[in-house]
Amino acid sequence: QVQLVEPGGGLVQAGGSLRLSCAASGRTFSNYAMGWFRQAPGKDREFVAAINWSARSTYYADSVKGRFAISRDNAKNTVYLQMNSLKPDDTAVYYCNVIASVFDARPLDSWGQGTQVTVSS
C-alpha cells in the first residue's frame, strides 16, 4: 500500500513552485517504478511523471515536460515531484503510486488520499 505523507501541496500563484513528496510503505520500494498522477475537478485522473527504480530513467506528460522534475530517494522510500512555473491548469489533486514501469504507467496499488495543489492566476 502506497501512503502519501507530508503533503507538500497548497495554494501558489502562477509561476510559482511547489515540491510534493510521497513515502511508500508495505513494499520493497527500491524494486519498483513510481509515478505521479493528478485529477482536476470534473476530469479523469491523468499521468504526470514516472521514474524507474534506479532513478536513471524518467518520463513526463507533455503538459509538464520542462517544468516538473521527478526524483526518488530509495533510502527514505520517498519519491518527489518538483513543480516549477506552475500554471492554473496544474490545479488538481496529486497522487503517487507504484507503477508497472516508466513506459507502462499502470498503477499497481490502491490510491492514497492525494494532496491538493491550487494555482491561482
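Q: In this predicted model, what makes Trp111 partly exposed?

A: The relative accessible area of Trp111 is 28%, and since buried means under 20% and exposed means over 50%, with partly exposed in between, Trp111 is classed as partly exposed.

Q: How do you know whether Phe37 is buried or exposed?

A: Phe37 has a relative accessibility of 5%, and because the buried class covers values under 20%, Phe37 counts as buried.

Q: Why is the pair of Phe37 and Trp111 called edge-to-face?

A: A pair of aromatic rings is described by the distance of the centres and the angle of the planes. Ring centres have to lie within 6.5 Å for a pair, and planes over 60 degrees apart count as edge-to-face; the centres of Phe37 and Trp111 are 5.1 Å apart and their planes stand at 80 degrees, so the pair is edge-to-face. By the rule for ring pairs, the count comes to five aromatic pairs.

Q: Which parts of the chain does the pair of Phe37 and Trp111 link?

A: Phe37 belongs to strand E3 (residues 33–39), whereas Trp111 lies in the loop between strand E9 (104–107) and strand E10 (115–120), so that the pair, with its residues 74 apart, links distant parts of the chain. Ring pairs also join Phe37 and Trp111 with Phe47, Tyr59, Tyr95 and Phe103 into a cluster.

Q: What makes E3 and E4 paired strands?

A: Pairing requires at least two bridges between two strands, and five bridges join E3 to strand E4 (residues 46–51), the two running antiparallel. Among the residues involved, Phe37 has Phe47 in E4 as its bridge partner. E3 and E4 form a hairpin with six residues between them, and Gly42 in the turn has a positive phi of about 75 degrees.

Q: Why are E2 and E6 said to stand at the edges of their sheet?

A: Three strands form an open, antiparallel sheet in the order E2-E7-E6. Strand E2 (18–23) and strand E6 (68–73) each have a single partner strand, so one side of each is left without a neighbour in the sheet. From one strand to the next, the twist averages 15 degrees, and six bridges join E2 to strand E7 (residues 78–83).

Q: How do you know that the charged end of Arg19 sits over the ring of Tyr80?

A: For an Arg, CZ must be within 6 Å of the ring centre and within 35 degrees of the ring normal; the charged end of Arg19 is 4.0 Å from the centre of the Tyr80 ring and is assigned as sitting over that ring. Arg19 also stands opposite Gln82 in E7.

Definitions and conventions:
Residues numbered from 1 in each chain as written. Predicted model: local features only at pLDDT ≥ 70, side-chain atom pairs only at ≥ 80, totals over all residues. Heavy atoms only, no water. Phe/Tyr/Trp six-rings, centres within 6.5 Å; stacked < 30°, edge-to-face > 60°. Helix = DSSP H or I, 4+ residues; strand = E, 2+ residues; numbered from the N terminus. Buried < 20%, exposed > 50% of the residue type's maximum accessible area, 1.4 Å probe, protein only. Axes fitted to C-alpha atoms, helices over the stretch in contact; angles between N-to-C directions.
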